[in-house]
Amino acid sequence: MRILGRDDVHTALDGLEPAVLDAVRTAYVLHGHGSSQVPFSSFLRPSRPAGSRVIALPARLDGPRPVLGLKWISSFPANVEQGLQRASSLQILNDLDTGYPMALLEGGRISAVRTAASAALAAAALHRGRPVRTAGLIGCGTINEQVVRYLTRTLPELDSVVLYDAAPGRAEVFAAGLRARYPHLAFRTGGPADALSAETVSIATTDSTYWLDLEHYPDRPEGQVILHLSLRDLASASLLGTANVVDDTEHVLREQTSLHRLEQQVGHRRFVHAEIAGILDGAEPPGGATVVFSPFGLGVLDLAVAQVVLDAATAAGLGADVGGFDPGRHPVTSTPGRPA
């Protein structure tokens with residue numbers, strides 16, 4: 001079995017943005033065509049720390065590069081107060097012929113990258129090809145760090161970004177780091193209203209209190225696209241006045257997401273206007289003063305990106321092959337001269 005640790009994955013991902021975007025787009029379209037299997041995610045919630053969870057996402061993706069496997073990811077929001085990453089993850093890929101595990105990858109960066117790539121693809125598609133020059137980031141962590149990386153690929157006219165975090169000092173540190181990496185972009189910090197003044201807004205926080213009511217910010221630009229990546233920041237009622245796009249309706253209307261709570265409040269799902277797979281495959285995006293993209297996060301995206309990473313790492317000689325992770329030979333059927 002091929003094992004790729006954190007450093008192997010980071011090295012393999014360097015310069016791989018076009019391949020990642022293509023893999024995510026292809027996975028979405030295949031999923032939209034029914035060429036996938038994505039069971040509901042399974043959630044484990046430890047008794048402490050409060051708000052923590054571990055999630056299993058099994059998936060199968062068909063198509064020209066079929067892949068089968070499991071994403072196992074934890075989310076412990078209290079980690080960030082200790083200088084640790086909120087999320088940690090492992091990705092297992094299984095051999096398609098035998099079912100044996102063939103690769104184990106550290107999946108934290110893969111998860112962040114696929115989230116950012118899906119958001120960036122959605123932003124470009126939902127803006128209907130219009131030039132986008134301003135972006136707002138709500139939450140200054142790993143996910144939005146990667147969102148900037150991928151928005152620069154899908155929104156080439158982007159020139160300014162405003163950052164907001166509940167801890168102002170984090171926003172300043174985050175802005176300084178981004179300025180060093182993207183000198184062609186202007187970064188500044190501000191409050192929620194400043195971030196929500198942008199044409200594209202990415203929300204990726206550790207908050208799950210539905211604290212952000214869009215109705216309190218009526219001066220947002222016409223045609224704004226909001227990437228609601230953390231799924232539980234927006235007040236549910238404010239989503240009745242937006243055009244809502246999801247990755248998979250059955251998946252996102254679960255686990256007390258903002259859209260799930262809205263369904264419970266109004267008793268229907270008619271507020272979901274489209275799924276992103278169809279739009280990426282050529283369907284017309286919904287119109288509206290504000291379009292909100294709420295992706296639950298499909299395991300097929302992680303599988304597709306993990307396969308791209310594994311291919312790049314193998315070509316570069318990264319990682320290690322380790323034996324002993326298969327069950328071995330069958331004691332009867334592997335014996336010569338066995339009965340037919």
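I began with Tyr210, which counts as buried at 16% relative accessibility, because the cut-off for buried is under 20%. I noted that this is a predicted model, so every value below is computed from it. Tyr210 sits in the loop between β11 (200–203) and β12 (224–228), and its phi is near 55°, a positive value in a residue other than glycine. Most residues other than glycine have a negative phi.

I then looked up Leu231, which is placed in the loop between β12 and β13 (243–246) and has a positive phi of about 70° although it is not a glycine. At 7% relative accessibility Leu231 also counts as buried.

Staying with the backbone, I checked the peptide bond from Arg48 to Pro49, which is cis with omega near -5°; Pro49 lies in the loop between β3 (42–44) and β4 (53–61). Most peptide bonds are trans.

Next I turned to helix α1 (residues 6–13), whose buried residues are Val9, Ala12 and Leu13. These residues cover an arc of only 95° around the axis, which puts them on the same side of α1. An α-helix has 3.6 residues a turn, so residues three or four places apart point the same way. I asked which elements cover the buried residues of α1, and found that they include β1 (2–4), α2 (17–32), β7 (101–106), α3 (108–126), α4 (142–154) and α10 (299–315). Just after α1, Gly15 takes a positive phi of about 80°.

Leu90 is partly exposed, with a relative accessible area of 39%, and together with Leu44 and Trp72 it forms a nonpolar patch on the surface, with about 280 Å² of accessible area for the three together. Gln91, by contrast, counts as buried at 1% relative accessibility. What does a polar atom of the Gln91 side chain lie 3.3 Å from? I found the backbone oxygen of Leu70 at that distance. Leaving aside neighbours within four places in sequence, Gln91 is in contact with Leu70, Lys71, Ala103, Leu104, Leu105, Gly107, Asp302, Leu303 and Ala306.

My last entry concerns Pro327, which is found in the segment after β16 (320–321) and is exposed, with a relative accessible area of 63%. I recorded that the C-alpha atoms of Pro327 and Tyr100 are separated by 8.2 Å, although the two residues are 227 residues apart along the chain.

Terms used
Residues numbered from 1 in each chain as written. Heavy atoms only, no water. Patch = residues over 30% accessible without salt bridge, like charges linked within 9 Å, V, L, I, M, F, W, Y side chains within 5 Å. Areas by Shrake-Rupley, 256 points an atom, 1.4 Å probe, with all protein chains shown as cover. Salt bridge = Lys/Arg side-chain N within 4 Å of Asp/Glu carboxyl O. Buried < 20%, exposed > 50% of the residue type's maximum accessible area, 1.4 Å probe, protein only. Polar contact = N/O pair within 3.5 Å; in protein donor to acceptor, adjacent residues only side chain to side chain. Contact = heavy atoms within 4.5 Å. Helix = DSSP H or I, 4+ residues; strand = E, 2+ residues; numbered from the N terminus. Arc of directions from axis to C-beta.
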